[in-house]
Amino acid sequence: MPSVVVAVGRAESNQRWVEVFQQLQPDWSFFAWEPQADQAPADFAVVWRPSVQLFQDQPSLQAIFNIGAGVDGIDFSQIPDSVPVYRVEDAGMAVQMAEYAVYGMLLATQRFAPYVEQQAQQQWLQQEPIYRKQWPVGVMGYGQIGRQVAQVLHQLGYPVSVWTRTARAADSGIQFFAGQEQFSAFLQQSRVLINVLPLTPQTRGIINQAALAQLQPQGFVINMARGPHIVEQDLIHMLESGHVTGALLDVFDIEPLPQTHPFWRHPRIHVTPHISGVSLREPTAQQIHQKMQALLQNQPVSGLVDRSRMY
C-alpha cells in the first residue's frame with residue numbers, strides 16, 4: 001500500500017488535501033507532514049514550496065508531485081537526481097489565467113472605466129468603441145496556460161503574437177517568435193505584454209527597461225507568472241516615462257507584497273495577491289492521483305520536470 005506525505009502549506013491546508021486524496025484512494029495511506037516529527041517513511045510527496053526539512057525527514061521518497069505548474073519554489077539541490085518531480089499541467093488554472101488576461105485587457109483599453117465615472121455623475125454618454133487592431137498582444141510562453149491565454153484573446157479579435165525560448169509548432173491566426181534573436185521583433189509588434197513564462201535563470205529579469213522600451217507606445221504589462229521576471233525599478237521608470245501606461249501584476253519578488261512597496265500606491269499599477277491561477281483542490285488531486293497510479297503501473301507519466309530547464 002503506497003504511503004503519501006502532503007506538505008503544501010499550513011497544517012490545516014495539508015489536512016484538507018489529505019482528506020481529498022483519501023476519498024480518491026481509501027486504501028492508501030495519506031498523512032500531513034509535521035516537521036521533525038517521527039513519521040512513517042512515505043513513498044510519494046505532494047508539495048507546494050516545500051521546506052528542505054521535508055526531504056531530510058523523508059529521505060526515501062520515490063517521486064514528488066507539485067500541486068502547481070511552477071516549480072521554482074522547490075530546492076532541487078536537496079532532491080536526488082534519481083527522484084522524479086512531476087508538476088500539475090492545468091487542473092483548472094489555464095482558464096482562470098485566460099480570464100485574468102481578459103481583465104487585464106479591459107484595464108489596458110479602459111473599455112468600461114469611463115462608464116463607472118459616468119454612473120456616479122448620472123451621465124448618459126456613449127464612448128468611442130475600442131479598435132482591437134490597435135491593441136496587439138504579445139504572450140510570453142506557450143505551455144498549456146499560454147496557449148489558453150493566446151487563443152482566448154485571439155478569439156476575442158485581438159492580434160496575438162507568441163514568444164517562446166525554443167521554436168514551437170504554430171497555431172492558426174497566431175504569429176510565433178522564438179529564441180533571443182526574435183525577441184526584439186516580438187516586442188516591437190506588441191502593445192500589451194502578457195507574461196506566463198516559467199521562472200528559470202534565463203528568464204529572470206527578462207522584463208527590464210530594454211525590453212519595455214521596445215513595446216509599442218502606451219504599452220501595458222500583465223504579469224501572472226513570477227515576480228522576478230520583472231525588474232521592478234525598470235517598470236516604475238518606464239511608467240513614469242509614459243512609454244508604458246499601466247500594469248496588472250499578480251506576482252512579486254516578495255510575497256505577500258510589503259505594505260511599504262511603491263506598487264501599492266502607484267496610480268497606474270493594479271495589484272492582485274497571486275490569484276490569477278489558483279490550484280483547484282479536487283481537480284488537482286485527481287490529476288496527481290492519476291499520475292501516481294500511472295507511475296505504479298510503469299506507465300508514462302506526464303508533467304515530468306526537466307531540471308535543466310526548470311519546467
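## Domain layout

The chain of this predicted model is divided into two domains, with domain 1 covering residues 3–91 + 279–297 and domain 2 covering residues 93–271. The centres of domain 1 and domain 2, taken over C-alpha atoms, are separated by 33 Å, and the contact between them draws on 12 residues from domain 1 and 7 residues from domain 2.

## The interface between the domains

Between them, domain 1 and domain 2 bury about 730 Å², of which 47% lies on carbon and sulfur atoms. On the side of domain 1, the residues that lose the most area to domain 2 are Asp72, Glu89 and Asp90, which together account for 58% of what that side buries.

Asp72 also takes part in a salt bridge, in which its side chain meets that of Arg226 at 2.8 Å, N to O; the count of salt bridges between domain 1 and domain 2 is 1. Across the interface of the two domains, 3 residue pairs are found in polar contact, both residues of each pair being at pLDDT 80 or more. Sorted by class, the side of domain 1 that touches domain 2 comprises 5 nonpolar, 3 polar and 4 charged residues.

## Aromatic pairs

The count of aromatic pairs in the model comes to 11.

How values were computed. Residues are numbered from 1 along each chain as its sequence is written. This is a predicted model: local features need pLDDT of at least 70, side-chain atom pairs count only at pLDDT 80 or more; totals for chains, interfaces and linings use all residues. Side-chain values use heavy atoms; hydrogens and water are left out. Domain bounds come from an automatic or database domain assignment. Contact means heavy atoms within 4.5 Å. Buried area is the accessible area (1.4 Å probe) that two parts lose on being put together, summed over both. A salt bridge is a side-chain nitrogen of Lys or Arg within 4 Å of a carboxyl oxygen of Asp or Glu. A polar contact is a pair of N or O atoms within 3.5 Å; within protein, one must be able to donate a hydrogen and the other to accept it, and residues adjacent in sequence count only if both atoms are side-chain atoms. Ala, Val, Leu, Ile, Met, Phe, Trp, Tyr, Cys and Pro count as nonpolar, Asp, Glu, Lys and Arg as charged, and the others, Gly among them, as polar. Rings of Phe, Tyr and Trp (its six-membered ring) pair if their centres lie within 6.5 Å; planes under 30 degrees apart count as stacked, over 60 as edge-to-face and the rest as tilted.
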